[in-house]
Amino acid sequence: MPGGFDRVLAGWSAGGPVAYVEAEYFGGVGEQRAAVWEGGTLVLGPLQAEEGRPFPPAGGPVSRALRRLGVAARAGEEEFSAVGLHRYRTSGGWVA
């Protein structure tokens, strides 16, 4: 995560839980990172799933962070899709 951004997120979490999630994929292969802050404290992570390694039984970093925020996916669906993160393939898509 960008240097010092963890302090910003910790500050924001005073008003409620905040997650940092990052996913970088190309051709179906990639990495994920995530962390969650609540009440100014890091409560999950930082988590990282490196390229080529399977997710643990608890799920990937992004799914675990989203669950910590209260996201509930339906059977056969990941939290990533449940909140619509699959709709945009680039950061520019989120900005637009």
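Mentor: A polar contact is a pair of N or O atoms within 3.5 Å, where, within protein, one atom must be able to donate a hydrogen and the other to accept it. Please bear in mind that this model is predicted.

Trainee: Which backbone oxygen does the side chain of S13 reach?

Mentor: That of A10, at 2.7 Å. S13 itself is placed in the loop between α1 (5-12) and β1 (18-26).

Trainee: Is S13 buried or exposed?

Mentor: Buried means under 20% relative accessible area. S13 has a value of 1%, and is therefore buried. Leaving aside residues up to four places away in sequence, S13 touches V18, W37, E38, G39, G40 and T41.

Trainee: What is the order of the strands in the open sheet?

Mentor: The three strands are arranged β1-β2-β3, with antiparallel pairing. β1 and β3 (41-49) each have a single partner strand, so one side of each lacks a neighbour in the sheet. On average, neighbouring strands are turned by 5° against each other, direction ignored.

Trainee: How many bridges join β2 and β3?

Mentor: Six bridges join β2 (residues 29-38) to β3 in the antiparallel sense. Within this pairing, R33 stands opposite Q48 in β3.

Trainee: Where do the helices lie relative to the strands?

Mentor: α1 lies across β1 and β2, and runs at about 135° to β1. Helix α2 (residues 61-68) packs on the sheet and touches β1, β2 and β3, while its direction makes about 25° with that of β2.

Terms used:
Residues numbered from 1 in each chain as written. Predicted model: local features only at pLDDT ≥ 70, side-chain atom pairs only at ≥ 80, totals over all residues. Heavy atoms only, no water. Helix = DSSP H or I, 4+ residues; strand = E, 2+ residues; numbered from the N terminus. Buried < 20%, exposed > 50% of the residue type's maximum accessible area, 1.4 Å probe, protein only. Contact = heavy atoms within 4.5 Å. Pairing = 2+ DSSP bridges. Axes fitted to C-alpha atoms, helices over the stretch in contact; angles between N-to-C directions.
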